[in-house]
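Try each task before reading its solution.

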Amino acid sequence: MQSLYPLFYPLWLIAANFTARLGGMIILLVLGHGFAATQLGDYFAMLAMVGLGVTAAQAGTGPLLIRLQQAGNLRWAIACVVLRGLIALIAVLWIAVGMGTSVLSHGWPLLLMPLCAALSPDWVISARTEFSRISFIALIAQMAGIGTAAVAAGFGAPHLLFAVAPVISVASLIASIIFAVIPAQDHRTHAPTITVPSWPSAFGMIGFALLSGALPNLDFVLLAPDSTLFLAQRIYLICAGLLAAIMAALFAKRQTAYLRDIWLLVPMAGATVVLWLFPASIARLVYGDPSAELVSLLHIGAVWPILLALLSRQILILQESPSAMWMGWLCLAGLVISAVFIPTPLSAHDALLLMQVRLVVVLGVLHVCGVRAIRRVVVR
């Protein structure tokens with residue numbers, strides 16, 4: 001097994017992603033049979049708001065924390081965690097105001113989620129490249145969530161319904177702390193030894209991390225004309241989740257060259273081919289009785305996974321380059337600002353095509369930036 005590790009280490013994070021998604025599907029089925037649609041609607045609406053708070057609490061510092069841990073600079077790592085904690089507190093206040101009186105009744109456990117995300121030391125485990133432990137953390141968290149969901153559905157208790165997602169977050173936090181404090185018995189890890197990132201590199205990593213996290217959702221939120229497109233997005237997000245897991249492993253290992261490209265491009269190229277050739281089968285697998293419009297959307301958006309993989313490749317290449325420190329921030333700002341001036345497409349088909357065109361534009365910008373960065377290195 002150890003001899004295969006240099007080739008197949010991303011499989012552990014892919015397994016963790018599959019575990020989280022399978023657990024989410026089981027929880028959805030359990031809750032769907034235990035609570036009314038109106039109750040679940042309120043719950044999911046609150047989760048959407050909390051999800052923004054979780055994203056804000058992490059502040060795009062995940063890659064930076066991994067590099068600081070690998071460089072042995074715990075002082076700055078702790079400073080980043082403190083900053084994340086302060087942002088999480090602000091997010092909690094924002095969520096509480098947004099929820100209103102519902103927080104005081106059943107929804108208050110959701111406020112724990114941004115704090116758990118901010119304080120989780122999972123970056124320590126990733127920095128040590130103990131990827132198998134990430135899978136175990138996902139398994140522990142999902143088992144806790146499934147158990148809570150079963151109890152909530154069995155008793156039909158609203159306060160337990162709103163505890164399902166927070167239980168997952170708290171269980172993940174506790175498991176992460178235990179694994180972070182207790183190193184693996186096998187110390188033959190392959191974590192790279194690096195120097196402390198310069199501030200331009202750190203600034204760039206945060207910008208690219210925010211860009212990478214926003215790409216799967218941003219255009220759907222800003223440009224989607226109707227809800228049908230979000231049904232298609234659920235399927236695209238499966239690809240995005242797998243890609244995020246692969247990126248995390250490649251980043252922690254500082255993987256370059258052909259092995260990086262194989263892991264990024266081959267799975268997403270396969271997803272593109274499947275969506276192009278069998279969109280109806282994929283739609284029926286996920287939704288049972290899909291509309292013809294949904295099938296057509298999956299076919300039109302078949303290149304979305306491979307475009308996202310190509311963008312992820314450029315992000316991995318550029319995110320630690322001081323000369324590209326502004327590019328992630330500028331691309332993210334450009335996507336948001338340009339969406340304000342683009343008329344909302346009349347149909348979901350037009351919106352999906354526009355989204356893919358926008359991905360191609362960002363990919364072109366990052367490619368040009370990467371070529372210039374290489375030229376600077378060669379000249380020096």
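How many helices and how many strands does the protein chain have?

**Solution.** The model is a predicted one. Counting along the protein chain gives 20 helices and 0 strands.

**Exercise 1. Describe the chain as a whole: its burial, contacts and surface.**

**Solution.** Start with burial: 48% of the 380 residues of the protein chain count as buried. Next, take the contacts with a separation of 6 or more: 83% of them join residues 24 or more positions apart. Finally, the protein chain exposes about 18,300 Å², with 74% of that coming from carbon and sulfur atoms.

**Exercise 2. Work out how helix α14 is oriented relative to helix α15, and what lines their contact.**

**Solution.** First locate the pair: α14 covers residues 228-253 and α15 covers residues 257-277. Their axes come within 10 Å and cross at roughly 170°. Angles over 145 degrees count as roughly antiparallel, so α14 and α15 are roughly antiparallel to each other. Now look at the side of each helix: the α14 residues in contact include Tyr 236, Cys 239 and Leu 243, while those of α15 include Arg 260, Trp 263 and Met 268. Sorted by class, the contact of α14 with α15 has 14 nonpolar residues, no polar ones and 1 charged.

**Exercise 3. Find the disulfides, then examine two cysteines.**

**Solution.** A search of the whole structure returns 0 disulfides. For Cys 331, the closest cysteine sulfur belongs to Cys 369, at 8.0 Å, which is too far for a bond. Cys 331 counts as buried, at 9% relative accessibility. Cys 239 is also buried, with a relative accessible area of 10%, and Cys 239 is one of the α14 residues that meet α15.

Conventions: Residues are numbered from 1 along each chain as its sequence is written. This is a predicted model: local features need pLDDT of at least 70, side-chain atom pairs count only at pLDDT 80 or more; totals for chains, interfaces and linings use all residues. Side-chain values use heavy atoms; hydrogens and water are left out. Axes are lines fitted to C-alpha atoms, for helices over the stretch in contact, and angles run from 0 to 180 degrees between N-to-C directions. Helices (H or I, at least four residues) and strands (E, at least two) are DSSP runs, numbered from the N terminus. Angles under 35 degrees count as roughly parallel, over 145 as roughly antiparallel, 65 to 115 as roughly perpendicular and the rest as oblique. Contact means heavy atoms within 4.5 Å. Ala, Val, Leu, Ile, Met, Phe, Trp, Tyr, Cys and Pro count as nonpolar, Asp, Glu, Lys and Arg as charged, and the others, Gly among them, as polar. Buried means under 20% relative accessible area, exposed over 50%, partly exposed in between (1.4 Å probe, protein chains only). Accessible areas come from the Shrake-Rupley method with a 1.4 Å probe; for residues, only the protein chains shown count as cover. A disulfide is a pair of cysteine sulfur atoms within 2.5 Å.
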